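Could you walk me through this structure? I'm new to it and would like a plain tour.

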Amino acid sequence: MTMPRSLLVVPMPFADETPCSWLTRLAQMHAATPLSVLAAVGVRTFVDPDIEMTQDHFAALLYGTDTVLEDVPNLLGAFRIVREQGWVRAFLRRICHAYPCTAICRQCLAEDVTPYWRIEWRSQHWQVCPKHFCRLEDTCAACKRCISIFPHSGGKDRGEHHLGHCCICPHCGTDLVAGDLRFVQKTDEVFRLIELQRAVMAALVQGYVSIEGIEEPLPLAVLPRALMMGCIASPLPAYVGRKLYPQVRTDVLAEAHDVEFKARVKIFQRGGSHNRIREMGDVWKGTPGQLVRIVIRHRFESVADRVSVSTKL
C-alpha cells in the first residue's frame, strides 16, 4: 500500500489571510512554487484557490503535520459566500474577469514581520487602508502589471521559477513594497468611505445585509441596490436622485420577501470606455453583478480618486 505524501510543516494562517496567501507562504517555506507544492500532495491545480479550495484540499496539505482543519477555520470560511452565490465574484479583483489578483497596502506589507495578503485586499470596494490612510495599489510599481496571486493567472510568461512570496511581483521579481504612496485626506468623506468599506466587507463575510430602519436581516442580493441608494453624487443630475431613491428603497424592502431577485430597478449604466453615465430608460433589468461594477466605480473608486494625494518615496 502506497502511503500519501505529506509536507513536513505548514504555516499557521493569520485571521484575515486569504487561502492564496497561505498557499504562497507554504510554498515559500518549502523553497518551492505553489504548483509544485500542490502536485507533491496530489492536489490538482486551480484557477482561483481562494474560491476553489475546499476542506478536502486543505486536509491533503495538512496531512502529516501538526496542524489540523480545526486550526484553519478562517481559510475554510473566508470565501464561502462567494462559492455559494456566484454573483458575489463581481466584488473580487480579477484579471479579465477570470484570473485572481490582489491589491496591497505597501505600508502594511512593509510593517509585517511575515508579509501576507489580507482578505479585504481582494475586494474591489476596498480602496483605502483604514490603518495608514493610503490607497491600495493593484499593480507593480516597476512593470505596471496586475499583482496576480497564482501561477496560472500570470499568463504564459510567468514561469515555474517564480517561488512563492507575498512581497515579490510574480512577473518581474520586484519588491512590491517599493513605489510611490498615495495617501488620502482625512476628511469626513474619507471616514464615511472607510466605514462603508467595513460594512460591505461584513455583509460579504456574514452573508446577509443589515440596513438601518429595517429590523430583519436582508438577503445579500439586496446589497448592490442598497449601495445604489447612495450612488448618485456628482456624476448624476439632481433630478435623477429624486427618482432613484424611492424606487431603489422600495425595491430593497420588497427584496426581503422576494429572494429570487425578480424586481426591476432604474439605474444608469457606464457608456463606452470612459466611464460616462448615460440613461437607459425608465427601467433596466439589472443583475446583482452588474450593479456591483457600477457601484464600485461611482461609490468607492471615484471617492478615493478625488481625495488622493500622491507622495514620492
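Asn74 sits in helix α5, residues 73–77; helices here are DSSP runs (H or I, at least four residues) and strands are E runs of at least two, numbered from the N terminus. This is a predicted model, in which local features need pLDDT of at least 70, side-chain atom pairs count only at pLDDT 80 or more, and totals for chains, interfaces and linings use all residues. Residues are numbered from 1 along each chain as its sequence is written, and side-chain values use heavy atoms, leaving out hydrogens and water.

With a relative accessible area of 18%, Asn74 is buried (buried is under 20%, exposed over 50%, partly exposed in between, with a 1.4 Å probe and protein chains only). Beyond its neighbours within four places in sequence, Asn74 is in contact with Pro13, Phe14, Ala15 and Glu17, contact meaning heavy atoms within 4.5 Å.

Now for some charged pairs. The structure has eleven salt bridges, each a side-chain nitrogen of Lys or Arg within 4 Å of a carboxyl oxygen of Asp or Glu. Glu84 and Arg80 form one, at 3.1 Å from N to O. These two are four residues apart in helix α6 (residues 80–84), so about one helical turn separates them. Glu84 is exposed at 53%, while Arg80 is partly exposed at 33%.

Arg182 and Glu137 also meet in a salt bridge, again 3.1 Å from N to O. Because Arg182 lies in strand β3 (residues 181–184) and Glu137 in the loop between α7 (106–111) and β3, the pair ties together parts 45 residues apart in sequence. Glu137 is buried at 11%.
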